[in-house]
Amino acid sequence: MSTWWGIVASIGAGEAFALCALTRWPVSAAHRTRARWAYVHAFVNVVIAYTSRAAAAGVVSALAAARPTCRVAGAPPAPMPLMLCLHLWHVAAYRLTADDVMHHACFVLALGGTGSAFDFADCGAAALFFACGLPGAAGYLLGALRAQRRIAPRTERVGLAIATAAIRAPGMLAVAVAL
């Protein structure tokens, strides 16, 4: 079995649905616009948040109980293949800006590769929940709405600040302590 098919076989039904949606999901109001990528990214981040929610809750509750751990009973494996496939599709399907190149080189390649190569247990899934899952879904949804001029740029910036301050930063700090 080739490596590609091994990766495809290792992902769940929800993740497979999300991967199919990357190329086929028409967002009626955003079809063939700059907002389409943001809607697709938001959708995939919702799937990442959904599949990694048990690990995130377990890591945070273990930390709250003063027993930091990366082993959470009953948490599914990290949706790392979905995150990597999403970003590979972005590289293949879109013209990248300098910021995109930096993002993909530093975070996706380095952290995604490291997360795939080593077993970080449930901390890997929790990190995906807090780094891209829930706050990423909110951020990309706000970005799509701004691109379609449905919200003001200031509303997007305030929403991103709230998602970062209330979800991303404390969650990643909890994962770092558990590691």
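**Figure 1. Cysteines of the predicted model.** C106 is partly exposed, its relative accessible area being 36%. C132, by contrast, counts as buried because its relative accessibility is 15%, under the 20% limit for burial. The model shown here is a predicted one. Zero disulfides are found when the whole structure is searched. A disulfide is a covalent bond that joins the sulfur atoms of two cysteines.

**Figure 2. The salt bridge between R146 and E156.** The side chains of R146 and E156 form a salt bridge, with an N to O distance of 2.3 Å. This pair links distant parts of the chain: R146 belongs to helix α6 (residues 122-147) and E156 to helix α7, the two residues being 10 apart. The count of salt bridges in the model comes to one. R146 is partly exposed, with 32% relative accessible area, whereas E156 is buried, with 11%. Side chains of opposite charge can pair when their charged atoms come close.

**Figure 3. A nonpolar patch on the surface.** Three residues, F118, F120 and L179, make up a nonpolar surface patch. Together they have about 330 Å² of accessible area. L179 is located in the segment that follows α7 (153-178). This residue counts as exposed because its relative accessibility is 61%, and the limit for exposure is over 50%.

Figure 4. The mean pLDDT of the protein chain is 79, and 78% of its residues score at least 70. Where pLDDT is low, the predicted coordinates should not be read in detail.

Figure 5. The protein chain contains seven helices and zero strands, giving the pattern α-α-α-α-α-α-α along the sequence. Of its 179 residues, 40% count as buried. Among contacts between residues at least 6 apart in sequence, 76% join residues at least 24 apart. The accessible surface of the chain comes to about 10,200 Å², and carbon and sulfur atoms account for 67% of this area.

Terms used. Residues numbered from 1 in each chain as written. Predicted model: local features only at pLDDT ≥ 70, side-chain atom pairs only at ≥ 80, totals over all residues. Heavy atoms only, no water. Patch = residues over 30% accessible without salt bridge, like charges linked within 9 Å, V, L, I, M, F, W, Y side chains within 5 Å. Areas by Shrake-Rupley, 256 points an atom, 1.4 Å probe, with all protein chains shown as cover. Salt bridge = Lys/Arg side-chain N within 4 Å of Asp/Glu carboxyl O. Helix = DSSP H or I, 4+ residues; strand = E, 2+ residues; numbered from the N terminus. Buried < 20%, exposed > 50% of the residue type's maximum accessible area, 1.4 Å probe, protein only. Disulfide = S-S within 2.5 Å. pLDDT = per-residue confidence, 0-100. Contact = heavy atoms within 4.5 Å.
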